[in-house]
Structure formats: C-alpha cells, structure tokens
Amino acid sequence: MSAGPHPSQSLPLTLSVNGITHHVSVDPRRSLLDFLREDLGLTGSKKGCDHGQCGACTIHINGERRLACLQYAVQLDGAAITTIEGVSAPDGGLHPLQDAFIRHDALQCGYCTPGQIMSGLALISEGCPRDPAAIREAMSGNLCRCGAHNGIIAAIREVAHGRD
Amino acid sequence: MTRADPPLPRLDALEKVTGRANYAADLQPQGVLQAFALRATRAPARIRSIDCENARAVPGVVAVYTHENAHETGWRADPALDALFAEGLGRSALKDAASQLPAYRPLTSDEVMFAGQWIAIVVAEGIEAARQGLAAVQVNLEDLPPPEPVKIRPGPFFAGDMQHAFTTGHRAGAPRHRVEASYETPVQLHQPLEPSATTAVWQGGRVILRDSTQGTRATRTAVAASLGVAEENVLIHAEYVGGGFGAKNQIWPHQALAAHLSRALQRPVRLQLTRADLGVASGHRSETRQHIRLEADADGRLALLTHHSEIPTSLRGGFFEPCGLSSLMLYAAQRIEVRHEVTRRAIPTPTPFRAPGETPGSFALETALDELAHQAGIDPVELRLRNFAERDLYHNRPWSSNHLAECYARGAARIGWAGRSALPRRHRRDGRLVGLGMATTAYPAPILPASVRVTLRGTGSVLVETSATDIGTGMRSLLAQKVADTLGISPAEIEVQLGRSELPDAPTAGRSKSSASVMPAAGAAARALLQKLGPEERSNLTLAQRLAALGQPHISAEGHSAPRDPQAEHSFYSFGAHFVEVELEEQIGRLRVTRVVSVLDCGTILHPRLAESQIRGGVIFGIGMALMEEGLRHPATGRLISDNLADYAIPVHADVPEIEVDFLNIPDPLMGEDGARGLGEIGLPGLAAAIGNAVFNASGRRIRQTPFPLSALTG
C-alpha cells in the first residue's frame with residue numbers, strides 16, 4: 001500500500017488561537033484538537049472520544065461552538081479559535097461562568113469541564129433559554145460521567161439570567 | 001464532626017475550570033512517541049500470521065510489536081504477575097482448571113481469547129503515523145471452535161460465600177404469597193470521560209509513569225514486577241484522573257506495556273487507549289441473568305429468599321458479578337439461599353464496576369420485592385420494614401449503625417409517598433402516566449491501612465501528602481479540611497499533594513473506602529505534628545511562631561491508620577432509600593425520570609456539597625442503567641459493537657432531573673474518630689429498580705430487564 005503523505009508534505013497555516021496569531025505548517029491529517037494539544041501544548045481541550053460524541057474538546061471557532069476533534073487544522077486558515085485557556089481575563093481573573101462552576105460544584109473529575117464551559121459560554125451568547133429543560137437540551141452534546149449535571153445547568157442559568 | 005461554616009469549594013476546581021489540570025495524556029515530554037493498539041476482530045481464534053512489514057514502512061513508525069517480538073522489550077507471560085493485574089481478581093474463588101493456566105496477557109501468544117484483544121502495538125513519531133501504521137498491519141486469523149461452556153460454582157468472594165443457604169432464625173408464617181421471576185442486565189461499560197492513557201518516561205534505570213489510575217501503589221507494584229525492577233525505580237503519577245468507576249481500579253496491561261516500550265526504545269512513550277479500546281482493555285460489567293424466588297406469609301414476612309445468578313467470565317480470568325451479596329444480609333427472611341454459577345466464555349475479563357454485584361443484584365431483588373408488595377397488597381415501604389434485618393444475619397453480627405428505617409421515612413415524606421396510589425395507572429399529568437417507586441440501597445464500608453504526611457513550613461503553610469488518588473471524589477478537599485480542622489488553621493493554609501506512588505502509602509480509590517481509610521491517618525499526622533511542636537505554652541502563638549521557636553525550617557510528621565480487625569464484632573454497611581417519580585408517555589414509550597429523592601445513612605458527612613455530588617453521580621449511573629446503557633456483542637464474532645459513546649448511550653443533560661440528596665448525617669460510633677462511611681457506590685444500587693417500580697406504579701408494566709426495552713413501555 002502507499003505510504004501516504006509524509007510529514008514533509010505539511011501545509012502552511014495561519015490562524016489565531018486565544019488572540020495569538022500562529023504561522024505554522026501542519027500535517028494535513030492532523031485534527032484541530034491534536035494541533036491544539038500536541039503542537040501548541042493547549043491541553044485544556046480534552047480528547048474523550050475523538051469522534052464528536054462527547055463534547056470534551058468543545059472550542060469556539062469564530063465565536064461558534066465546535067468540536068475540535070472533527071476539524072482538520074489545515075481547513076482553518078484565517079480562523080480565530082478560542083479554547084478554555086483563553087477564557088479567563090488577561091490578568092488571570094476567572095470568567096463568571098468559571099467562577100459559577102466552582103461555586104455550584106459543577107465538576108467532579110474535571111475532564112469534561114473545559115468542554116462544558118466552552119459550550120455553556122456559547123449558549124449564553126447564543127441567547128440562553130430560560131426554561132431549564134431547554135438549557136439541558138442545548139447542553140446535551142457535552143457528556144459528563146461523574147454526574148455534575150445539576151451543578152452545570154445551575155451555573156449556566158445563574159450567569160445567563162442572574163441568581164433567582 | 002460536621003462543619004458549621006459553609007463548605008469549602010472543591011480544592012482543585014480552579015485547575016479544572018481553567019484547563020490547567022493535567023491528566024495522563026496531557027504530559028508532553030520531549031521526543032514523546034505515540035503508541036496505539038490493534039484489536040483482534042473476532043474470537044476465539046489463533047493468529048496464523050501477522051505481517052507488519054508495511055506498517056514498519058510507514059514514515060514515522062518507529063516500532064511494531066506483536067506476540068512474535070514483544071519479548072524483546074522484556075514483556076512476558078509469568079504466572080507470578082497474574083495476581084497483580086486485573087486478570088487475577090477472582091481466580092482464587094473460581095478454582096477451576098482454567099484458573100491454574102496462565103492468565104491472558106496480550107502479545108505473549110498467538111491465542112486470541114476474545115474479540116478486541118490487543119494483538120499489535122504500533123509506536124510512531126506522531127499520532128497520525130501511528131494510526132496509519134495500525135491500518136497497515138495485516139492479520140490472518142484462524143477461527144477456533146467456541147469453548148465448551150463449563151459451569152463453575154465459585155466459593156467465597158468479596159464479603160460472602162457465593163453458594164450459601166441458611167436458616168436465619170427469623171420466623172415467618174405459612175407462605176401465602178410467591179414471586180418467582182428472572183431478571184436480566186446487560187454488559188455495561190464504565191465510560192469514564194478520560195480514556196486511560198499511560199505516558200512512560202524511562203531515564204537512568206527508572207521510569208516515571210504519568211498514568212490514569214485509581215491506585216498508584218498497586219500500579220507501582222504490578223509495573224515493577226512486570227519490568228523486573230525494584231519498586232523504588234517505578235514512579236506512578238496520577239494527580240488528575242478523569243473518572244474511573246472501577247475501570248481504573250485494577251491494573252491493566254497498557255500500564256506496564258508503556259513502561260516496557262519506553263525502556264526498550266529509550267524514548268518517552270504515550271500509550272493511549274481509544275474510546276473503542278476501553279471496553280475491551282480496561283474491563284466492563286458483564287451481563288447477568290438472575291432468578292429470584294420470594295415466599296411470604298400473609299403479613300408479608302419473608303419465609304424464603306432465593307437469589308440465583310448466572311454470570312460469565314473470560315476464558316482465563318476470574319472476576320464475575322457477585323450479584324447475590326446483598327441478598328445474604330439485607331432482609332430478614334426465614335431462609336436465604338444464594339447461588340452463583342459462572343460460565344467461561346470468549347469475552348474480555350469483566351472487572352468491578354461501581355458497586356459490583358450489588359448493582360445488578362439489587363435490580364433483581366428490589367424489583368421482586370415490589371412485585372411481592374403489589375401481590376400481597378402491602379405498601380412497598382412497609383414490606384421492607386417488616387423484613388428489616390436488625391442485624392447482619394449472614395455474618396451473625398450487629399450492624400455498626402443502621403438507620404435504614406429513618407431513610408425510608410424521610411424519603412417517603414419528601415417525595416409525597418402518602419399521595420401514591422397503591423394501584424397502577426391512577427395518576428396522570430399533561431396526559432402522561434405518573435408513578436412513584438422506591439428501593440433500598442446498601443453497600444459495605446471497608447477500611448484499609450493508610451498513611452499521610454504533613455509538613456509545617458516556616459511560612460506557616462502546611463503540606464499534606466499521600467499516594468491516594470482524587471478521581472473526582474474530592475479527596476484533596478477532604479484532606480485539607482481534615483488537617484486544617486485538626487491543626488486549627490484555615491484550609492487556605494493547606495496545600496495537598498496526592499496521586500504519586502512515592503508519597504505515603506494509601507489504598508486504591510474504590511469500594512467506598514478511601515475517605516474512611518485516609519482521613520484517620522490525616523488526623524493522626526496532624527496530631528503528631530502538634531506533638532512535635534511541643535506543648536502549647538501560649539495559646540496566641542501561630543504554628544509558624546511555634547516552629548520558629550524550635551529553630552527548624554520545617555517539620556514533618558506521619559500519621560497511620562489501621563485496617564479493620566478481621567475479627568470485628570460488627571458489620572459495617574451504609575444504607576439508603578431511593579424514591580423516584582417517573583412520567584411515561586405510553587403511546588410512544590417515552591419514559592422520563594422526573595424526580596429522584598435519595599436519603600442516605602452513611603454516618604457523618606464530612607463535606608456535604610462534595611458528598612451530594614458523589615451521590616448524584618451514582619444516581620445518574622442508575623438512570624443510565626435503567627434507561628439506556630447496553631453493551632452489545634456481535635453474535636458471530638463476539639466483537640463489542642457499542643464500543644463508542646454514540647452506540648453506548650449514557651445519560652446526557654436532558655436525561656437528568658434535579659436530584660435531591662438527603663443525608664441523615666448520624667455518626668457511626670464505630671467508624672473511627674469521624675464516624676464517616678464511604679459514599680462512592682451507594683448512590684447506584686437500587687436506583688434502576690426504583691425507576692422500574694415507579695414505571696409499574698405509573699402503568700402496570702413490570703420490567704425485569706435493563707435497559708428497559710421500548711416494547712415494555714408501549715404497545
């Protein structure tokens with residue numbers, strides 16, 4: 001069989017990640033998730049399934065929530081990516097949703113947490129519904145196995161609509 | 001003791017919400033190689049040939065290992081290793097001929113014992129090259145006839161004899177009511193969100209493994225034995241573990257294999273399990289088929305309780321689901337008969353999964369009790385109270401503490417049980433059938449020895465160290481709180497380091513034992529530190545001032561806790577009651593769990609918020625068990641078909657209602673200074689039965705298998 005593309009066939013790519021512009025060359029087989037994790041060392045985006053089934057790698061591409069494991073990095077020339085590492089204020093201060101996650105104990109093992117937060121942030125900017133059932137529906141692409149669901153929804157509601 | 005002030009936030013939450021928490025695959029040592037495994041597509045079989053030439057030719061591929069050359073890394077089959085790895089658990093209970101043969105160990109022979117078995121490892125520069133290499137391996141399998149099904153009657157396992165029939169001394173009248181039925185539960189997969197991975201760095205005669213494990217010390221022992229090196233040359237680091245639920249409780253081949261690869265290649269190696277690997281390379285809960293027979297007198301007093309379980313294990317492994325454990329001791333039947341029959345099959349070795357035994361076992365028993373209650377016209381809560389075991393009848397010991405009756409009362413009051421109709425199909429809401437159901441939960445409260453070290457620094461801050469892991473349970477937070485309370489300082493002064501095998505000894509995080517084992521050691525360490533600081537002459541001196549007075553830069557003390565005396569005169573269990581409301585749209589079979597109230601008697605609650613979170617987790621596992629979780633094997637090849645998170649559904653946000661957790665918070669006077677029993681499992685047992693019982697109350701439909709089939713909910 002053919003040996004397939006060699007790393008020397010890497011393609012040039014320019015994209016912005018958390019406000020920093022990167023001029024790089026990447027293996028065309030490399031997913032955005034592997035690019036973020038392996039090339040940029042941004043390991044906050046997690047690889048739970050590598051199949052678009054768990055949501056642990058949710059990031060923002062040009063402001064919209066996307067699964068980093070389902071994108072090839074080379075397709076994202078010119079894109080602006082935000083990962084969990086880019087959510088806090090420049091001075092390190094937590095985003096209110098991160099703070100709400102802590103206060104509502106919206107995590108246990110923490111592995112799904114970055115994806116939940118990235119999804120929750122996008123939901124809030126999309127116009128978060130008031131009905132908790134609708135929020136749950138909109139967050140159902142982000143799996144949690146430890147059972148932090150109640151806290152996650154409570155944290156998102158609080159940031160979207162204020163404390164009841 | 002219970003803290004009056006508001007609970008501290010989870011200690012490692014900041015790292016987790018910022019993405020700074022580093023899990024096993026997040027470490028990127030310079031020059032790290034990526035390793036993935038190739039799974040056999042069917043079994044039983046023999047590898048006729050395995051051609052790796054094309055794989056080795058893929059640019060970036062550094063090495064390919066199969067049973068033909070893995071020995072070059074020092075990898076070998078060795079009976080002495082079997083007991084240290086997951087394959088060994090339970091073999092001593094089975095005692096059959098296969099238990100005497102070498103256990104399964106991948107890449108040591110041409111036998112394919114189960115579909116999904118690892119038959120090759122590709123190591124490459126980069127993930128993409130490793131994947132391409134995997135695709136290039138050419139495997140030629142020769143199918144073998146399936147093994148003759150041999151039935152084994154195991155002996156004692158976990159806390160009970162797997163074949164036991166006895167008369168308890170309780171008296172029931174002449175049997176009036178009989179329930180006899182079979183119950184089935186499927187293969188279940190742990191599905192922690194973090195797939196297991198091991199990053200191994202071999203350097204200068206020792207290896208550091210960044211690993212995802214529930215037990216750093218047990219991993220160290222097994223890996224060192226596999227490598228043939230001294231334990232001090234193996235360091236297991238698992239500071240952050242992305243969930244376990246039993247999948248990371250035993251030691252699996254990949255943990256040692258990563259170390260062998262790194263040693264052989266003299267490069268750091270990350271061996272990553274894919275989601276599809278998890279169900280075949282880090283265990284599963286097996287399917288169960290259980291038969292229950294209940295006989296009760298006119299008042300509902302049990303004259304007979306039989307619980308017969310048929311469960312599989314692998315061709316050479318040992319673990320099987322001990323479904324009848326709780327039936328031995330939870331209800332005061334006049335006669336109790338528990339049997340287990342294990343069949344060897346060409347499947348991967350099952351392993352403990354959150355509340356092993358109790359979870360499928362309680363589905364059968366607690367459903368059968370609901371059937372009996374309905375038949376006898378006795379309220380399901382009342383039926384359980386009438387059969388309350390005021391002592392552990394199997395071990396013939398009193399309970400250390402048992403407030404189950406109060407759990408029933410509080411749960412019933414909170415969910416509005418008094419308004420429940422005894423007859424099904426009496427309540428509707430927006431056109432949907434509504435029902436209430438309940439079940440008992442129980443789980444043992446073991447204690448193992450543990451050690452904790454505390455170090456007071458000149459700044460007044462205190463370092464707390466132990467090899468225990470925090471897999472999401474809150475161990476860091478509990479340690480900080482315990483040491484801060486004992487020293488009389490703010491938890492903000494405490495730094496906790498855990499999850500490293502070189503730190504003081506602690507047991508694996510599993511079987512609901514960690515807190516009860518580690519907290520007494522933490523308390524002892526803090527008291528030992530105070531003692532080293534000398535008598536407190538002036539009460540207004542800070543710890544830092546007292547340290548300065550001794551003229552030392554820092555001072556350390558270790559505390560140790562003892563295991564429970566095997567001759568203990570009491571039985572230690574946690575208890576609880578689940579109450580569930582469901583809505584059923586019968587026309588389309590849509591079932592929704594709309595309310596869960598879980599009331600638990602787990603002794604003292606050390607940290608209410610974290611404790612509630614952990615119970616919710618168990619409850620949600622129960623919702624998944626009842627509604628959707630099902631591992632499917634291909635009937636011809638044995639391959640696990642639902643080896644991903646789309647085909648193996650777990651509860652998503654839309655499936656999870658508000659879960660109300662209520663702790664009695666009554667200290668167990670015999671559980672050491674804190675009076676706390678464990679919480680890790682008890683949220684799960686009984687929950688699926690409580691949902692099924694609520695479905696019956698809503699609709700008159702009795703469901704005896706999980707996940708509840710659509711055909712049983714509609715039509």
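In this predicted model, domain 1 of chain B places 27 residues in contact with 26 residues of domain 2 of chain B. On the domain 1 side, α4 (91–94), α5 (97–100) and α9 (275–281) of chain B each supply at least two residues. The element that gives the most to that side is α9(B), with 4 residues.

**Domains of chain B**

- By class, the side of domain 1 of chain B that touches domain 2 of chain B has 15 nonpolar, 8 polar and 4 charged residues.
- The centres of these two domains, taken over C-alpha atoms, are separated by 36 Å.
- Chain B is divided into domain 1 (28–145 + 193–243 + 248–281), domain 2 (156–187 + 285–445 + 569–713) and domain 3 (447–561).
- For residues 18–145 of chain B, an unreviewed UniProt entry gives the feature "domain: Aldehyde oxidase/xanthine dehydrogenase a/b hammerhead".
- That span, residues 18–145 of chain B, is 22% helix and 27% strand, and its end C-alpha atoms lie 53 Å apart.

**Domains of chain A**

- Chain A is divided into domain 1 (7–86) and domain 2 (96–161).
- Between the centres of domain 1 and domain 2 of chain A, taken over C-alpha atoms, there are 22 Å.
- Their contact takes 14 residues from domain 1 of chain A and 11 residues from domain 2 of chain A.
- Both β3 (58–61) and β4 (64–67) of chain A supply at least two residues of the domain 1 side, and the largest share of that side, 3 residues, comes from β3(A).
- The side of domain 1 of chain A that touches domain 2 of chain A divides by class into 5 nonpolar, 6 polar and 3 charged residues.

**Contact between chains A and B**

- The contact of the two chains takes 52 residues from chain B and 52 residues from chain A.
- On the chain B side, the elements that give two or more residues are α1 (13–18), α2 (53–57), α6 (127–136) and α16 (608–627) of chain B.
- Of the elements of chain B, α16(B) gives the most to the side that touches chain A, with 6 residues.
- By class, the side of chain B that touches chain A has 27 nonpolar, 16 polar and 9 charged residues.

**Helix α1 of chain A**

- Helix α1 (residues 32–39) of chain A is mostly covered, with 7 of its 8 residues buried.
- The buried residues are A:Leu32, A:Leu33, A:Asp34, A:Phe35, A:Leu36, A:Arg37 and A:Glu38.
- These buried residues of α1(A) pack against β2 (20–26) of chain A together with α6 of chain B.
- After α1(A) comes A:Gly41, whose phi is positive, near 70°.

**A helix pair in chain B**

- Helix α13 (residues 475–487) and helix α14 (residues 514–532) of chain B pack at an angle of about 35°, and their axes are 9 Å apart.
- The crossing of α13(B) and α14(B) is right-handed.
- From α13(B), the residues that make the contact are B:Met475, B:Leu478, B:Leu479, B:Lys482, B:Val483, B:Thr486 and B:Leu487.
- From α14(B), the contact includes B:Ser514, B:Val518, B:Met519, B:Ala522 and B:Leu530.
- The residues of the contact of α13(B) with α14(B) divide into 10 nonpolar, 4 polar and 2 charged.

**Two loop residues of chain B**

- B:Met671 lies in the loop between β29 (659–663) and α17 (687–699) of chain B.
- Is B:Met671 buried or exposed? B:Met671 counts as buried because it has 25 C-beta neighbours inside 10 Å, and 20 or more are required.
- Leaving aside neighbours within four places in sequence, B:Met671 is in contact with B:Ser400, B:Ala445, B:Ala516, B:Phe572, B:Gly603, B:Ala676 and B:Arg677.
- From C-alpha to C-alpha, B:Met671 and B:Glu15 are 33 Å apart in space, and in sequence they are 656 residues apart.
- B:Ala422 is found in the loop between α12 (404–415) and β21 (428–429) of chain B.
- B:Ala422 is exposed because 12 other C-beta atoms lie within 10 Å, and a residue with 12 or fewer counts as exposed.
- B:Ala422 and B:Glu536 are 114 residues apart in sequence, and their C-alpha atoms are 64 Å apart in space.

Definitions and conventions. Residues numbered from 1 in each chain as written. Chains lettered and ligands numbered in written order. Predicted model: local features only at pLDDT ≥ 70, side-chain atom pairs only at ≥ 80, totals over all residues. Contact = placed C-beta atoms within 7 Å. Nonpolar A, V, L, I, M, F, W, Y, C, P; charged D, E, K, R; others polar. Domains from an automatic or database assignment. Axes fitted to C-alpha atoms, helices over the stretch in contact; angles between N-to-C directions. Left-handed = near helix turned anticlockwise from the far one by under 90°. UniProt positions renumbered as here; feature names shortened; annotations may be inferred.
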